[in-house]
Amino acid sequence: MSENKSPLNDNGSFWFDTLDTPSTIAEAPSLPEKVDVAIIGAGYTGLWTAYYLKEKDPSLEIAVFEANTVGFGASGRNGGWCMGLAWGIDGMLAEEKRRDAGVRLLRAMHDTVDEVGRISQREGIECHFAKGGTLEVAIAPFHVKGMQDHMALHHELGFSEDDYRWLPPEEARERVGMTPNHGATYTPHCAVIHPARLVKGLGRVVRAKGVKIYEGTPVTEMASGYVDTNKGRVSAGKIIRATEGYTESIKGQERQMLPLYSMMVATEPLPDHVWNEIGLANRETFGDSRRVTIYGQKTDDGRLAFGGRAGYYFGSKRRGIIPPDDPMVQNVERTLRSIFPVLQDYKVSHGWGGLMGVPRHWRPSVAFDPQTGLGHAGGYTGEGVAASNLAGRILSDLVLERESDLTDLAWVNDTPAKWEPEPLRWLGVKAIQYFGDKADRIEMETGKPSKFWGTLFGSALS
Ligand SMILES: Cc1cc2nc3c(=O)[nH]c(=O)nc-3n(C[C@H](O)[C@H](O)[C@H](O)COP(=O)(O)OP(=O)(O)OC[C@H]3O[C@@H](n4cnc5c(N)ncnc54)[C@H](O)[C@@H]3O)c2cc1C
């Protein structure tokens with residue numbers, strides 16, 4: 001492993017491998033004694049929060065402490081869907097008493113996709129942002145009605161055909177030539193990005209605004225008024241935890257966030273005739289109606305980057321880098337080849353994985369307590385590319401104690417309970433995965449709904 005590929009500054013992803021300049025760790029400036037705001041974690045959440053804080057109050061002294069390098073975590077490894085949706089919103093829309101709050105959040109998420117594009121362009125972050133929308137494909141004929149009903153609910157709630165549209169099978173197959181494909185929902189509210197270019201670009205931009213980023217500097221403990229790092233203590237009036245799936249690395253933060261793995265592969269660049277079969281002419285992202293999420297995008301250099309939700313290790317064990325020969329990565333490759341048989345003669349060039357953060361109530365939250373000066377944002381459950389921007393904007397208002405049209409969104413102070421201790425946690429997650437896999441497999445094999453396993457899956461998630 002070369003110096004540039006040390007475990008601290010390489011996250012093993014295709015995205016880090018295709019940065020213009022290799023990821024390195026900047027020489028850490030000596031630690032300050034005191035700052036106004038200390039942010040833990042240099043992923044999207046930490047960096048967007050720093051960005052908007054500096055925009056709103058340039059005089060603030062802000063330090064970001066990062067255990068590894070900027071974008072080492074999920075922000076530098078993800079599927080690159082900058083999506084106008086977040087976990088929990090569909091559930092809110094389905095419940096009458098939370099519906100209005102859900103609609104507000106959904107509209108805020110739609111706007112957030114454009115906000116990420118706008119700031120990237122304004123700040124010269126070349127992250128290959130392309131807003132081609134997203135396709136959710138029905139993999140069984142009996143899924144169609146449920147998906148159409150779901151879309152009809154959006155229309156009843158004031159969203160238009162321009163926001164959510166049903167594509168009949170022929171049109172859906174033209175847009176994405178995957179198998180099976182019985183029609184799809186299309187929404188324009190999603191863009192593709194190169195995740196590592198976005199997070200590294202954000203790092204560069206906030207540094208230029210005067211934010212100090214201390215790479216290779218893990219925070220070991222946090223409390224009102226200070227953070228302890230591997231290099232010493234720093235006093236801070238306000239402290240923000242933005243560590244998502246890695247939250248347990250800080251003493252006292254155990255069981256706040258469950259680290260769940262998602263795995264990805266990327267193909268070699270594919271020739272035009274293969275893309276003619278696959279489609280994605282507008283670089284739409286695509287997923288499907290199975291319970292165990294899959295996701296894909298056409299990269300700027302003509303590869304297919306594809307992922308799937310994968311697994312959990314007993315005791316919330318975290319692995320820094322996932323090698324391409326990991327069985328869960330290989331399983332994702334098998335799924336990719338099964339839905340696109342046209343790929344049989346083409347190589348997968350990269351395989352990697354990363355950690356998502358899952359809170360006990362399965363939805364994001366943003367909180368700040370002016371009394372203690374402690375705050376956090378996260379819990380995106382694998383849907384945080386755009387959501388972290390909205391969270392960063394909300395958090396900057398909360399930290400500055402300013403009321404805005406964002407500070408009463410439903411995520412604010414919606415702090416989850418802790419996860420159960422082991423072995424209950426492990427058993428629960430394994431059960432959810434087993435029920436979901438089993439229901440998906442039965443439905444694919446029989447073409448009929450799996451009521452038993454599907455119901456178990458739904459109730460285990462609540
Ligand atoms: C494989 C994969 C695919 C995904 N695909 C998508 C997608 O297509 N669309 C989408 O919306 N979301 C996706 N996600 C989720 C999305 O990437 C995350 O929700 C988002 O990046 C979270 O950003 P964050 O800054 O909160 O966390 P992270 O990016 O995980 O950042 C946390 C940072 O904190 C650092 N850290 C940890 N512990 C400490 C400590 N003690 N002290 C200091 N620093 C510390 C870590 O090194 C890390 O850099 C995916 C996630 C994965 C893993």
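**Exercise 1.** How do the residues of the lining of the second largest pocket divide into nonpolar, polar and charged?

*Solution.* The model is a predicted one, in which local features need pLDDT of at least 70, side-chain atom pairs count only at pLDDT 80 or more, and totals for chains, interfaces and linings use all residues. Residues are numbered from 1 along each chain as its sequence is written, and side-chain values use heavy atoms, with hydrogens and water left out.

Step 1. Take a pocket as an open set of points on a 1 Å grid over the protein atoms alone, where a 1.4 Å probe fits, with protein on both sides within 12 Å along at least five of seven lines; lining residues have an atom within 4 Å of a point.

Step 2. The second largest pocket has a volume of about 420 Å³. Its lining consists of 20 residues, and Leu-19, Thr-21, Lys-200, Gly-201 and Arg-204 are the closest to its centre.

Step 3. Sorting this lining gives six nonpolar, seven polar and seven charged residues.

**Exercise 2.** Describe the shell of residues around the ligand and its polar contacts.

*Solution.* Step 1. With a heavy atom within 4 Å as the criterion, 38 residues surround the ligand, the closest being Thr-45, Glu-66, Ser-75, Gly-79 and Val-219.

Step 1. This shell comprises 19 nonpolar, 15 polar and four charged residues. Helix 2 (44-56), strand 3 (81-83), strand 12 (258-267) and strand 16 (348-358) each supply at least two of its residues; strand 16 gives the largest share, three residues.

Step 2. Polar contacts are pairs of N or O atoms within 3.5 Å. In the side chain of Thr-45, an N or O atom is 2.7 Å from an oxygen atom of the ligand.

Step 3. Of the 1,000 Å² that the ligand exposes when taken alone, the protein buries 98% (Shrake-Rupley method, 1.4 Å probe).

**Exercise 3.** Which residues line the largest cavity?

*Solution.* Step 1. A cavity is a set of grid points where the probe fits but cannot get out. One cavity of 30 Å³ or more is counted, and the largest cavity holds about 70 Å³ of space.

Step 1. Its lining is formed by Arg-241, Gln-256, Met-257, Pro-359, Arg-363, Ser-365, His-376, Gly-378, Gly-379, Thr-415 and Pro-416.

Step 2. These divide into three nonpolar, six polar and two charged residues.

Technical notes. Grid points are joined across faces, edges and corners, and a volume is the space filled by probe spheres set on the points. Ala, Val, Leu, Ile, Met, Phe, Trp, Tyr, Cys and Pro count as nonpolar, Asp, Glu, Lys and Arg as charged, and the others, Gly among them, as polar. A polar contact is a pair of N or O atoms within 3.5 Å; within protein, one must be able to donate a hydrogen and the other to accept it, and residues adjacent in sequence count only if both atoms are side-chain atoms. Helices (H or I, at least four residues) and strands (E, at least two) are DSSP runs, numbered from the N terminus.
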